[in-house]
Each structure stands twice: as structure tokens, then as C-alpha cells.
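Let's walk through this structure together, asking at each step what stands behind the words used for it. Have the coordinates open as you read.

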Amino acid sequence: MKKNSIGKILKDFSIFFWVIIISIISAFVSNIYNQSKKEQSNKIFESLDNIYLKKTIKQITSKLKPRYRKIEYTSKSGDTYENIIKNLNIDELEKKNFLKAIKQTKTLKILGVNQKFSFVIDNLNNRKIIKFTIETDKKNEIVFNRISGKNLFDAKKIQKNFTKKNTYKEAVITSSLYNSAINIKIKPNIIVEFARLYGFQVDFQRDVWKDDSFQIIYEEYLDTDGNVVDTGNILFANLKLQNTDLQLYRYEYEKDKIDFFDESGKSIKKTLMKTPINGARLSSAYGKRKHPILGYTKMHLGTDFAAPTGTPIMASGDGVVLKAQWCGGGGNCVKIKHNSVYQTVYAHMSKFAKGVKKGRRVKQGQIIGYVGSTGLSTGPHLHYEVIENGKKINSQKLKLPSGKVLKGEERKKFEVSKIKIDVLKSDLISSLN
Ligand SMILES: [Zn+2]
């Protein structure tokens with residue numbers, strides 16, 4: 001089930017990132033989303049209340065009302081078959097018959113989230129279930145028909161007539177990502193997923209500006225009338241921020257192991273590098289120490305790596321340059337913001353790399369400057385700091401989900417899959433014109 005896999009992915013993320021995402025999309029999204037979910041789940045109960053509370057009306061109009069009533073329900077997290085049936089206004093024996101039929105059907109052993117149920121109930125015949133249907137996945141459902149005169153159901157697996165379609169949408173962001181996406185009829189759950197995918201590299205509250213843009217390809221399920229009944233996976237996304245493309249490709253790198261990768265095969269689950277320099281030696285760890293120049297004991301809020309002058313220093317993660325200038329004791333230093341939680345600082349540089357300026361976007365591994373001994377320094381080294389929610393922390397003890405980097409054969413296969421998505425994208429774009 002789609003919802004299940006999302007749940008599983010979310011568990012891999014720290015609570016932090018989820019909190020960020022929720023704040024991005026603002027109360028707005030979740031309100032609308034929850035409301036529609038709640039409406040779905042309440043529908044079942046409300047429709048029944050109406051029937052039985054308005055008995056008088058029913059008597060008057062009984063000839064006009066259908067004898068059979070259809071009730072629909074979508075399972076939520078924490079639901080059981082027992083509590084779903086418990087809330088239906090039907091005979092107790094019918095509830096038992098329903099649970100018995102479920103038990104006899106192997107494929108229904110585990111109740112998923114977002115599984116659709118429909119019941120046809122005979123209102124005039126002791127509130128009996130005539131028929132019920134349970135969706136097993138987007139394309140299949142099991143239909144249970146009552147065997148006449150018995151407390152048994154005959155189960156049949158049926159394939160639904162849904163067609164899967166790849167949809168391309170693009171928009172320039174005017175007021176907010178959410179509003180711009182809603183304006184071109186992207187469903188809220190796709191917008192939430194889109195924002196979640198970029199949570200590691202974009203601070204949606206501060207990094208997205210008017211006239212930035214996005215592109216997205218995702219799956220839609222259409223019924224026989226061409227109505228969108230559900231959405232599937234995001235296959236491709238691009239968020240263009242200040243003329244920098246942040247592309248993501250969905251890719252199954254092992255059976256049932258799916259992740260999103262940028263165009264160079266790096267997972268979006270970006271981690272920060274512990275050592276953003278090659279061929280260096282850790283010369284002073286994070287913690288209390290006697291300052292080599294000032295002479296007294298104070299906290300060393302970074303990690304020092306000794307390396308020859310001119311050794312390239314890399315951005316330890318994707319992000320935006322907040323500062324590339326002289327900063328006193330730190331000499332020539334660079335500060336990068338990676339997302340709304342993490343920032344990194346690189347000090348004592350001999351010089352900055354070309355193009356590394358305030359406001360520029362940098363990629364993980366990109367050279368941002370070169371080792372030097374500027375500022376308060378006794379010899380050429382890199383002083384590296386990691387700031388988490390405004391507090392300097394020990395970079396060597398960083399615990400972030402490690403992002404996969406596709407290499408060798410894996411990378412080759414990814415390239416093929418990437419080309420297919422690029423071709424799909426140009427096909428979908430040309431069909432728009
Ligand atoms: Zn230092």
C-alpha cells in the first residue's frame with residue numbers, strides 16, 4: 001500500500017525534518033488534507049445517522065428511497081476490521097458474518113491504511129449486508145456477495161478499470177509553493193510528498209522566492225470516465241531556485257528499495273561530510289582545550305584538520321552560502337546553510353573558490369575554498385564547525401541518515417532509468433503544446 005510505504009520512509013527521517021515540512025506547508029495544507037480525510041471516514045457514520053434519525057421522513061418517502069444503501073469507508077491508521085464493522089448500524093450477527101468472511105480470505109490478513117471499503121446494506125431486511133467490497137490495491141478489489149439464504153459470502157477477486165497515467169505539471173511560484181501547486185490542480189498529498197523530498201536541501205520558508213519554479217511528473221489513476229480517482233508516485237521533480245536546478249529522479253536501486261537521486265546519482269537523503277577535506281589529519285578535536293594562541297582554556301567549538309596551504313576544502317553538503325568573507329579570528333571563512341536545521345563554517349582559508357559568494361547555491365563536494373592560516377591560526381589548517389539549530393556541535397559525532405551514492409554498475413543502470421524519465425518528460429511536455 002502506498003500509505004504504508006510513506007509511513008516507512010518517514011520513520012527513516014528524524015522528527016526534525018517532519019516538523020520542518022509541516023511548518024513549510026503551513027496549517028493550511030494539513031487542515032484541508034485532514035478535513036477531507038475526516039470527511040471520508042465520517043461519511044459512513046453520518047449517512048447512517050441520517051437514515052435512522054429521520055425515520056419519519058423515511059416513512060413518508062419510503063417508496064421513493066432505494067431499499068439498498070451503499071456505504072463507503074477508507075481505512076485509517078490504527079483501524080481494525082472489528083472497529084470498522086462495529087460502527088456500522090447493522091445486526092450483531094451480520095458483524096460476525098463479516099469478520100468470518102474476512103478471516104477466510106488470506107489476502108486480507110493485514111488491514112492497510114487507505115484501503116477502500118464499500119457495503120451494500122438491505123435496510124428493510126434486518127439490516128443485512130448484501131454485498132461488500134474491499135480494495136486490496138489500486139487496481140484490485142475483492143467483492144463478497146451474499147450466498148442467498150445463508151450467512152456466508154462468496155469472495156471474488158476483481159480487477160478495477162483504472163488506468164495509470166503519467167502527468168506532467170509545471171508552475172512558477174507566485175505566492176507560495178502550495179498555492180502555486182493547488183492552482184494547477186496538484187493534489188495536496190503530492191505537494192506534501194514533494195516538499196518532503198526536498199526537506200534535506202531546501203528551507204522552504206527562506207530559500208524559495210517569488211518567480212522560482214518547479215516541474216513534476218507523477219502518476220494519476222483515472223476511472224473509465226477519465227476522472228482522477230487517486231495519485232501514485234512522484235517519478236521526477238525539479239525545483240528551480242534562483243536559476244539552480246534541483247532535480248530528483250525516482251529510482252529502484254534494489255528490488256523494493258526505492259529512493260530519489262539527483263542527476264549525479266546522489267541520494268536526496270543528504271548527510272553532512274564529517275571531513276570536508278581530502279588528505280588531512282585531525283589535529284584538534286571538538287571540546288575543551290588550551291587555546292594555542294590565546295593561551296587559556298576554552299571550548300573548541302569546531303574540529304581542526306591540518307593540511308598544506310592550498311588544499312581544496314569542500315562544501316560538506318548542498319546549501320546556500322551565507323557568508324564568504326573575512327571574519328576576524330576565523331580569517332577568511334565560509335558559512336553555508338544546508339536546510340533550516342544545519343549550517344557549517346569553514347575557517348582560516350587562504351582564499352575562496354571562484355564563484356563562492358553570499359547567496360550562491362553550492363553542491364555537496366563542491367570546492368568552496370583552500371586551506372590557509374588566516375586569522376588567529378598557528379599554521380595551515382581547516383577549522384570546521386557544524387551548527388545544529390543555532391548551536392555548535394561536534395561534527396565527528398554527527399548522526400544523519402547516510403545518503404546512498406550510486407557507483408559503478410548501479411550508476412550505469414541509474415543513467416538508463418534517468419534517460420527514460422527525461423524522454424518521458426519531453427514527451428509529456430511536447431504533448432502539452
Ligand atoms: Zn579550530
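Q: Why is strand β21 (residues 381-388) called largely enclosed?
A: Seven of the eight residues of β21 are buried, so the rest of the structure largely encloses this strand. A residue counts as buried if 20 or more other C-beta atoms lie within 10 Å of its own. Do keep in mind that this is a predicted model.

Q: How do you know that strand β14 (residues 303-306) pairs with β21?
A: Pairing calls for at least two bridges, and four bridges join β14 to β21. The two strands run antiparallel. To find the spot on your screen, look for Thr 303, whose bridge partner in β21 is Tyr 384.

Q: What makes β21 and strand β22 (residues 391-393) a pair?
A: The count is three bridges, again antiparallel, and at least two are needed. Val 386 stands opposite Ile 393 in β22. These two strands form a hairpin with two residues between them, where Asn 389 takes a positive phi near 50°.

Q: Why is helix α7 (residues 188-197) described as largely enclosed?
A: Eight of its ten residues are buried, so α7 is largely enclosed by the rest of the structure. Among the buried residues are Ile 190, Ile 191, Phe 194 and Leu 197, and also Glu 193 and Arg 196. For the protein as a whole, buried residues make up 29% of the 433 residues.

Q: Why are β1 (68-74) and β5 (153-159) said to stand at the edges?
A: The sheet is open, with five strands in the order β1-β2-β3-β4-β5 and antiparallel pairing. β1 and β5 each have a single partner strand, so one side of each is left without a neighbour in the sheet. From one strand to the next, the twist averages 20°.

Q: How do you know that β1 pairs with strand β2 (residues 116-122)?
A: Seven bridges connect β1 and β2 in the antiparallel sense, while the rule asks for at least two. Glu 72 stands opposite Ser 118 in β2.

Q: Which strands does helix α5 (residues 92-103) lie across?
A: Helix α5 lies across β3 (128-137), β4 (140-146) and β5, and runs at about 35° to β3.

Conventions
Residues are numbered from 1 along each chain as its sequence is written. This is a predicted model: local features need pLDDT of at least 70, side-chain atom pairs count only at pLDDT 80 or more; totals for chains, interfaces and linings use all residues. A residue is buried if 20 or more other C-beta atoms lie within 10 Å of its own, exposed if 12 or fewer, and partly exposed in between; C-beta atoms are placed from the backbone. Axes are lines fitted to C-alpha atoms, for helices over the stretch in contact, and angles run from 0 to 180 degrees between N-to-C directions. Two residues are in contact if their C-beta atoms, placed from the backbone, lie within 7 Å.
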